[in-house]
Amino acid sequence: MAEQLAAGEHIKLSDASQLEQNYRPSGPDGEQLDQRTRWPRSLARKWMVVLFMGTCLLYCARMTMPVCVVSMAASFHWSKIDSGLILGGFFWGYCFTQILGGHVSDKLGGERVLFISAASWALITAATPLLACLGSHTLALMAVARILMGLLQGVFFPSLASLCSQRVEEGERGFLMSTMHSGTHLGTLLAGGMGSLMLDRYGWEAMFYCTGFLSGLWALVVWRYLLRGNIFPKQVRKKKCLQPSVRRKYWLHHLKKPPVWAMVFAHMCLSSTSYILLSWLPTYFKETFPHATSWVYNVIPWLIAIPSALGGGFVSDFLITKGYGVASVRKIMQSFAMGLSSMCILPLSGAVTFQSAVICISFAVGLTTFTSGGVSVNVQDLTPSCAGALYGFMNMMGAFMGLVLVSFSGYLIEVTLSWAKVFSLITLVNTTGLGIFLFFGDARRVDLQDNSQIIVV
């Protein structure tokens, strides 16, 4: 049995239930503390709208360079290798702040991390045209700017997961996360549409200025009207600080739980296959249907993904409020996101018409958004006190696995001269991840509240 925490004493983890009892706030005080950190419904609705807009602008800023890179390459005489170096810099930066962003959000509050992040990436985006004109080292400056953009945006979704865990009721988290995911698709569409218009009329610089200004305006609204100028949080209660050895055992306790690793693995699989689709779908349609209208396959799947994401979140919350088990709901939603979507991708391995290919891809992309009611929220079920840090770890692993599989997919296409292997790879990875999650996944809390955590308002 675990011994009580005292000066000089050593905590054992052989009895997890006793340790959990020592760490977790219980009784009226613990319940009141939880209530103080929850948003009232009216404030939650305001934050939902603002966070949706922020997620949209996040992807607008992220996609600005890919939209403008062809025009910039022509202006600065970049090769394909140079352009690839600049575009790839974002992902290297994006991987390395996931865990840090989530951890800081768990301690200080996700809304404050989101504000600082947005203000910083807005500044970098607006300053990009100025950096491009600072002499003969344009390529190096643009690569550094993209790495910084990745570093700053890498904290966004882990902070969002932490914020959702701390401020939102369990039965409302699915719709909030699905709303945020729908914002990513809207941002991608706006970046493509707005970017095409601005490139033709005002040049590539206008795209950076506009996106940076709008992102900065969003950060200003958050600071002025929601944070009310208070960037540094008030401490409601600060618990006793744990020794480093105890913290290590605290994390080891989480990492020994099969449901945690099942969730991480499923997220890795779905994230990596989504990277493959984002990276290679335009090339697939261009090579397979060279005379097709490009806007059809570049727009329709992402338009369908927006209502699909909102619908998936609504359904997951509705099922939970009707009394269905949380674990069952998470597995049902993930089955749609990884199982049914893979069934829609499989026909592309054979001979299909252009219309059939667009329909299959649209259904597949739309169904993957159902993960916002599955694995994306499961982290808040299992480990609410460190949901941001753990989600950051999941996102980091998904990004690394995505980079590997995107490169491997290019190798398959080059060697086999066939897209069937790529779509089969997507199906294999998704079904493997889903099987692990269905067998080992759960929604019962395995969390041990960290006594060094600061509860903020």
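These are my notebook entries on a predicted model.

I number residues from 1 along each chain as its sequence is written. The model is predicted, so I take local features only at pLDDT of at least 70 and side-chain atom pairs only at pLDDT 80 or more, while totals for chains, interfaces and linings use all residues, and side-chain values use heavy atoms without hydrogens or water.

**Overview.** I looked up the secondary structure and found 18 helices and two strands. Both come from DSSP runs numbered from the N terminus: helices are H or I with at least four residues, strands are E with at least two. Next I checked burial. Of the 457 residues in the protein, 53% are buried. Buried means under 20% relative accessible area, exposed means over 50%, and partly exposed lies in between (1.4 Å probe, protein chains only). I then took contacts between residues at least 6 apart in sequence; 85% of them join residues at least 24 apart. A contact means heavy atoms within 4.5 Å.

**Helix 18.** I checked the length of this helix. It has 21 residues and reaches 30 Å from its first C-alpha to its last, close to the 30 Å expected at 1.5 Å a residue. The expected span is 1.5 Å times one less than the number of residues. I listed its buried residues, among them Ala420, Phe423, Ile426, Asn430, Gly433 and Phe437. These buried residues of helix 18 pack against helix 12 (258-288), helix 14, helix 16 (375-382) and helix 17 (387-416).

I picked out Thr427, which sits in helix 18 (residues 420-440). Thr427 counts as buried because its relative accessibility is 12%. Leaving aside residues up to four places away in sequence, Thr427 touches Ser342, Ile345 and Leu346.

**Helices 14 and 15.** I looked up how helix 14 (residues 326-345) meets helix 15 (residues 354-368): their axes come within 8 Å and cross at roughly 175 degrees. Axes are lines fitted to C-alpha atoms, for helices over the stretch in contact, with angles from 0 to 180 degrees between N-to-C directions. Helix 14 and helix 15 are therefore roughly antiparallel; that label needs an angle over 145 degrees. On helix 14 the contact is made by Phe336, Ala337, Leu340, Ser341, Cys344 and Ile345, and on helix 15 by Cys360, Phe363, Ala364, Leu367 and Thr368. By class, I get nine nonpolar, two polar and no charged residues. Nonpolar covers Ala, Val, Leu, Ile, Met, Phe, Trp, Tyr, Cys and Pro; charged covers Asp, Glu, Lys and Arg; the others, Gly among them, are polar.

**Cysteines.** I searched the whole structure for disulfides and found zero. The criterion is a pair of cysteine sulfur atoms within 2.5 Å. Cys133 is exposed at a relative accessible area of 60%. Cys269 is buried at 1% relative accessibility.

Met53 lies in helix 3 (residues 41-76). I find Met53 partly exposed at 43% relative accessibility. Met53 and Thr179 are 126 residues apart in sequence, yet their C-alpha atoms are 9.9 Å apart in space. Helix 9 (residues 173-201) has 29 residues and should span 42 Å at 1.5 Å a residue; its end C-alpha atoms are 42 Å apart, which agrees. Gly203 follows helix 9 and has a positive phi near 95 degrees.

**His77.** I noted a positive phi of about 60 degrees at His77, which is not a glycine. His77 is in the loop between helix 3 and helix 4 (80-95). His77 is exposed, at a relative accessible area of 69%.

Conventions
Angles under 35 degrees count as roughly parallel, over 145 as roughly antiparallel, 65 to 115 as roughly perpendicular and the rest as oblique.
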